[in-house]
Amino acid sequence: MSVIKINAITVPADSGDELAKRFAARATSVDGQPGFEGFELLQPSDGRNVWLVLTRWADEESFNAWRESASFGHGHRPSGADDGVRQRPVGVSAELWSYSVADLGSGE
């Protein structure tokens, strides 16, 4: 059964475009990871300042293996680390939420 991981990132009002730009630059970096099923970046449309990074995984083990991988470390290093010019973080805080897809049964 799939597991859902949601990274809720609080972003100042003037930084949402930069967050989207940074995610776009590495959007496919998780593709090909064993157990990875999908990714979405959800932009608030109701005045909130919390963006949601939603990923779907085949199981908890697949997610944990990715978090311990070099790919995760590379994708989550400070922006600009390769050229020596470090950009400031976009988010001011983040929380990781974990969900599983509810089994609604057949109703019989």
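Modeller: Helices (H or I, at least four residues) and strands (E, at least two) are DSSP runs, numbered from the N terminus. This is a predicted model, where local features need pLDDT of at least 70, side-chain atom pairs count only at pLDDT 80 or more, and totals for chains, interfaces and linings use all residues. Residues are numbered from 1 along each chain as its sequence is written, and side-chain values use heavy atoms, with hydrogens and water left out.

Colleague: Where does helix H1 lie, and at what angle to S3?

Modeller: Helix H1 (residues 16-25) lies across S1, S2 and strand S3 (50-57). Its angle to S3 is about 25°. Axes are lines fitted to C-alpha atoms, for helices over the stretch in contact (heavy atoms within 4.5 Å). Angles run from 0 to 180 degrees between N-to-C directions.

Colleague: What makes S2 and S4 edge strands?

Modeller: The sheet is open, ordered S2-S3-S1-S4, with antiparallel pairing. Strand S2 (36-42) and strand S4 (93-100) each pair on one side only. Two strands pair if DSSP finds at least two bridges between them. Eight bridges join S1 to S4, so this pair meets the rule.

Colleague: Why is Lys 5 called buried?

Modeller: Buried means under 20% relative accessible area, exposed over 50%, partly exposed in between (1.4 Å probe, protein chains only). Lys 5, in strand S1 (residues 3-10), has 4%, so the residue counts as buried.

Colleague: What makes Lys 5 and Glu 60 a salt bridge?

Modeller: The rule asks for a side-chain nitrogen of Lys or Arg within 4 Å of a carboxyl oxygen of Asp or Glu. Here the N to O distance is 2.8 Å, so the pair qualifies. Lys 5 sits in strand S1 and Glu 60 in helix H2 (residues 60-67), 55 residues apart. Glu 60 is partly exposed, at 31%.

Colleague: With which side chain does Lys 5 make a polar contact at 2.7 Å?

Modeller: With that of Ser 98. A polar contact is a pair of N or O atoms within 3.5 Å; within protein, one must be able to donate a hydrogen and the other to accept it, and residues adjacent in sequence count only if both atoms are side-chain atoms.
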